[in-house]
Amino acid sequence: MDSLRAMPIELIFSVLGLIIIFSACNSTAELPRLVQPPKPDGTLSFLVVGDWGRRGSYNQSQVALQMGKIGKDINIDFLISTGDNFYDDGIISPYDSQFQDSFTNIYTASSLQKPWYSVLGNHDYRGSVSAQLSPILRDLDCRWICLRSYVVNAELVDIFFVDTTPFVDKYFDEPKDHVYDWRGVLPRNKYLTNLLTDVDVALQESMAKWKIVVGHHTIKSAGHHGVTIELEKQLLPILEANEVDLYINGHDHCLEHISSINSGIQFMTSGGGSKAWKGDVNHEWDSQEMRFYYDGQGFMSVYISEAKLRVVFYDGFGRVLHRWSTYKKGVYSDI
């Protein structure tokens, strides 16, 4: 792992590509695993943004500007996208201009020239999923890393990325005028059963001090979409049984922090990458659980050491809105 830290980013991506191929060829029941080297001191810092891809409009460019500044200040190692990467209907091919216009030409700060680990959102499923997963995109912009579900191993933390869109019944039962790209998902029940098993096994096998799960859809939220019942019933019990520290999502276009009263899981929403709506709070929430809610644009940062995990939420002007930290031997919160 020390040798990985010294590698240039191009070589690291080559190693990642080999790891993806190795996992895929050896077991269809194992999530692909990527390696993310931490800093020499063993710590990690990263940004999280979601629901962003609008060709710079709806203040996407403003949020990107602030991400670049914060990314430099805290010396980030990578970024996470919580999905709905390209509006309104994903991309139609690897050469779709939306990729350049909404990603490459927007997140131009030097501090953001790091790996972007991404998941698919429901809007991404309205385009060509294979296009977003295509290695051609990584040839066009080496930062882009997107698979359906996978694990990023970063020594002290394992980050589990879960494809949540196929869980949601209404996309199948009431698609309205939308056409979803379900290639690779059908038969749905088998896909979901295998995915839940793979996530459970990967979490059980994890020896990392911290466990973070990332998906597009909410599990707990007071925002526009609220609770995703299917995830609450099917995925949440697995997260609780495996003592996950954070569940991070987008989907609701807000910033939000909810603490579980039934487990140690913290639910973090970072879906403020572009379009958001003021006053979009549609669900009452227990004051014991609701730590923070902001109905506007912004993003979040995460810092991890062996003993400490710290989350900070920023608005679209880079102002700190909320801080929260936890230690393995105790928890505290400060606003």
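Reply: Ser301 lies in strand 13, which covers residues 298-304. Helices (H or I, at least four residues) and strands (E, at least two) are DSSP runs, numbered from the N terminus. The model is predicted: local features require pLDDT of at least 70, side-chain atom pairs count only at pLDDT 80 or more, and totals for chains, interfaces and linings use all residues. Residues are numbered from 1 along each chain as its sequence is written, and side-chain values use heavy atoms, with hydrogens and water left out.

With a relative accessible area of 4%, Ser301 is buried. The term buried means under 20% relative accessible area, exposed means over 50%, and partly exposed lies in between (1.4 Å probe, protein chains only). When residues up to four places away in sequence are not counted, Ser301 touches Phe46, Leu47, Ile74, Arg310, Val311, Val312 and Tyr314; contact here means heavy atoms within 4.5 Å. With one of these residues, Tyr314, Ser301 also forms a side-chain polar contact of 3.2 Å. A polar contact is a pair of N or O atoms within 3.5 Å; within protein, one must be able to donate a hydrogen and the other to accept it, and residues adjacent in sequence count only if both atoms are side-chain atoms. Ser301 and Ile80 are 221 residues apart in sequence, while their C-alpha atoms are 9.7 Å apart in space.

Leu47, a contact of Ser301, is also touched by Met67. Met67 is among the residues with the most contacts inside the largest nonpolar core, together with Tyr107, Leu235, Leu239 and Tyr247. That core has 56 residues, and helix 8 (residues 188-205) gives the most to it, with seven residues. A nonpolar core is a set of buried Ala, Val, Leu, Ile, Met, Phe, Trp, Tyr and Cys residues joined through side-chain atoms within 4.5 Å. A second, separate core has 33 residues, including Leu246, Leu255, Met268 and Ile304. In soluble globular proteins, nonpolar side chains tend to be buried together.

The buried residues of helix 8 are Arg188, Tyr191, Leu192, Leu195, Leu196, Asp198, Val199, Ala202 and Leu203. They cover an arc of only 165° around the axis, so they fall on the same side of helix 8. The arc is that of the directions from the helix axis to the C-beta atoms. On the face turned away from this buried side, helix 8 carries the exposed residues Asn189, Lys190, Gln204 and Glu205.

Pro187 is in the loop between helix 7 (170-173) and helix 8, and a cis peptide bond with omega of about -5° joins Leu186 to Pro187. Tyr87 and Asp88 are likewise joined by a cis peptide bond, with omega of about -5°. Asp88 is found in the loop between strand 3 (78-81) and helix 4 (97-104). Asp84 is found in the loop between strand 3 and helix 4; although not a glycine, Asp84 has a positive phi of about 50°. Asp84 is buried, with a relative accessible area of 1%. Most residues other than glycine have a negative phi, and most peptide bonds are trans.

Helix 4 is capped at its N-terminal end by Asp96, a side-chain oxygen of which lies 2.9 Å from the backbone nitrogen of Gln98. Gln98, Phe99, Ser102, Phe103 and Thr104 are buried in helix 4. They cover an arc of only 155° around the axis, which puts them on the same side of helix 4. The buried residues of helix 4 pack against helix 3, strand 4 (116-118), helix 6 (135-140) and strand 5 (144-146).

As for the whole, the protein has 10 helices and 16 strands, and buried residues make up 59% of its 335 residues. Among contacts between residues at least 6 apart in sequence, 72% join residues at least 24 apart.
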